[in-house]
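Please keep the sequence and the model in view while reading.

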Amino acid sequence: MNIYTPAVRRYLTRHGYDKADPRGALIDMDGTLYDSMPLHAAAWQQMMREVGVDVPLDEFFRYEGRTGASTIDVLFHNAFGHGATEEEKTSLYGRKAELFAAMPPVDIMPGSLRVMDFLKRVGMERVLVTGSGQNTLLNRLDADFPGVFAADRKITSRDVKHGKPLPEPYEKAMSIAGLKPWQCVVIENAPLGVESGYASGAFTIGVTTGPLKECELTEAGADIVMCSMNALADAFPLLYEALVTTEACL
C-alpha cells in the first residue's frame, strides 16, 4: 500500500468525499516559498516595541496568515484590551512593512522550487494564497518562481474581507481557478493557514519550517505534516499517486 493512502482516506472520510482529483495547488508564501518568517517576526516585534509593548518573538509565528489589520487588532486586544482604530492599523502596518523592507533580503525556502517544478510537471494549477499585502516579496515572485503563478492566480490580503483562519482566501483561490475543494491541495506552514485550508475542504499539507511543532499543525487540521519543503518535494510523487488512486471506504 502507498504510505500516504491512509492519510488520503482519512481526508476523504472527514469531508465526506468519494475521491480526490488533484488539479490545483493553493500555496502560502511566507515560510513556504520564502524563508521570511524570522524577519517578519522581528519586524512585528520592533513595531510593537515602538508603541511600548514587548511581545515574545515566537508569538508572531502563531499569528502568521492573518492580514496585517487583523494581526494588529489581536495585538492591541492582548496589550490594551481593545482593538485598534483604522488609522492605527494603516499606520502601524505601514511601519511594520518599512521595518521588514529595511532588513536583509530573504532567501527562497530550500525545496520550494523542487515542489513547484513537480506541480508544473504533473499539470496542477498553482494559486498563491498569502495573508500578506507587502510588495517586498510579492514583487519578487515572478523572478524567483518563473512561470509558476499567472498574474490572475494570486490572492493577497487585498483580495479578501475575512482572512485566515477563515476559509475565504482558499475558497477565493478555488473560485478563480475553477476548482472544487476535493481537486485542491493546500500547502501551509502555520496553524491559522492550516485551519483556513482545512475549512475550505482542500487536502491540507502542513510544513514545519519554523519553530512551531508538528502537533500544532496537526491539531489545526493538517492532513499530513512534513518537516521541510525538501521533504515535501521528496514525498510529492507518492502523495500525488495516493490522491489520484485512493477512494473512500464504503
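Helix α6 passes helix α12 in a left-handed crossing, a crossing being left-handed if the near helix is turned anticlockwise from the far one by less than a right angle, and right-handed if clockwise. The contact involves Ser112, Arg114, Val115, Phe118 and Leu119 on the α6 side, and Met229, Asn230, Leu232, Ala233, Asp234, Phe236, Pro237 and Tyr240 on the α12 side; contact here means heavy atoms within 4.5 Å. Sorted by class, the contact of α6 with α12 comprises nine nonpolar, two polar and two charged residues. For this sorting, Ala, Val, Leu, Ile, Met, Phe, Trp, Tyr, Cys and Pro count as nonpolar, Asp, Glu, Lys and Arg as charged, and the others, Gly among them, as polar.

The model is predicted: local features need pLDDT of at least 70 and side-chain atom pairs count only at pLDDT 80 or more, whereas totals for chains, interfaces and linings use all residues. Residues are numbered from 1 along each chain as its sequence is written, and side-chain values use heavy atoms, with hydrogens and water left out. Helices (H or I, at least four residues) and strands (E, at least two) are DSSP runs, numbered from the N terminus.

Two packed helices are described by the angle between their axes and the distance between the axes. The axes of α6 and α12 come within 7 Å and cross at roughly 20°. Axes are lines fitted to C-alpha atoms, for helices over the stretch in contact, and angles run from 0 to 180 degrees between N-to-C directions. The two helices α6 and α12 are therefore roughly parallel to each other; angles under 35 degrees count as roughly parallel, over 145 as roughly antiparallel, 65 to 115 as roughly perpendicular and the rest as oblique.

Arginine 114 pairs with aspartate 234, and their closest N and O atoms are 2.6 Å apart; a salt bridge is a side-chain nitrogen of Lys or Arg within 4 Å of a carboxyl oxygen of Asp or Glu. Because arginine 114 lies in helix α6 (residues 112-121) and aspartate 234 in helix α12 (residues 229-245), the pair ties together parts that are 120 residues apart in sequence. Arginine 114 is partly exposed, at a relative accessible area of 39%, while aspartate 234 is exposed, at 55%. Buried means under 20% relative accessible area, exposed over 50%, and partly exposed in between (1.4 Å probe, protein chains only).

How many salt bridges does a search of the whole structure find? The search finds 15. One of them links aspartate 142 to lysine 154, with 3.1 Å between the closest N and O atoms. Aspartate 142 belongs to helix α8 (residues 141-144) and lysine 154 to strand β3 (residues 154-155), so this pair ties together parts that are 12 residues apart in sequence. Both ends are partly exposed, aspartate 142 at a relative accessible area of 47% and lysine 154 at 21%. Within helix α5 (residues 86-101), glutamate 98 and arginine 95 stand three residues apart, about one turn of the helix, and their side chains form a salt bridge (3.0 Å, N to O). Asp28, Lys164 and Glu188 are linked in a network of salt bridges.

Most peptide bonds are trans. Proline 165 itself lies in the loop between β3 and α9 (168-177).

Helix α9 in turn packs with helix α10 (residues 191-200), their axes coming within 8 Å and crossing at roughly 50°. That angle makes α9 oblique to α10, and α9 passes α10 in a right-handed crossing.

Another pair is formed by helix α2 (residues 37-50) and helix α4 (residues 68-80), which pack at an angle of about 50° with axes 12 Å apart. Helix α2 is thus oblique to α4. In their contact, Trp44, Met47 and Met48 of α2 meet Gly68, Thr71, Ile72 and Leu75 of α4, giving five nonpolar, two polar and no charged residues. Glutamine 45, also in helix α2, counts as buried at 13% relative accessibility. By contrast, glycine 81, in the loop between α4 and α5, is exposed, with a relative accessible area of 58%.
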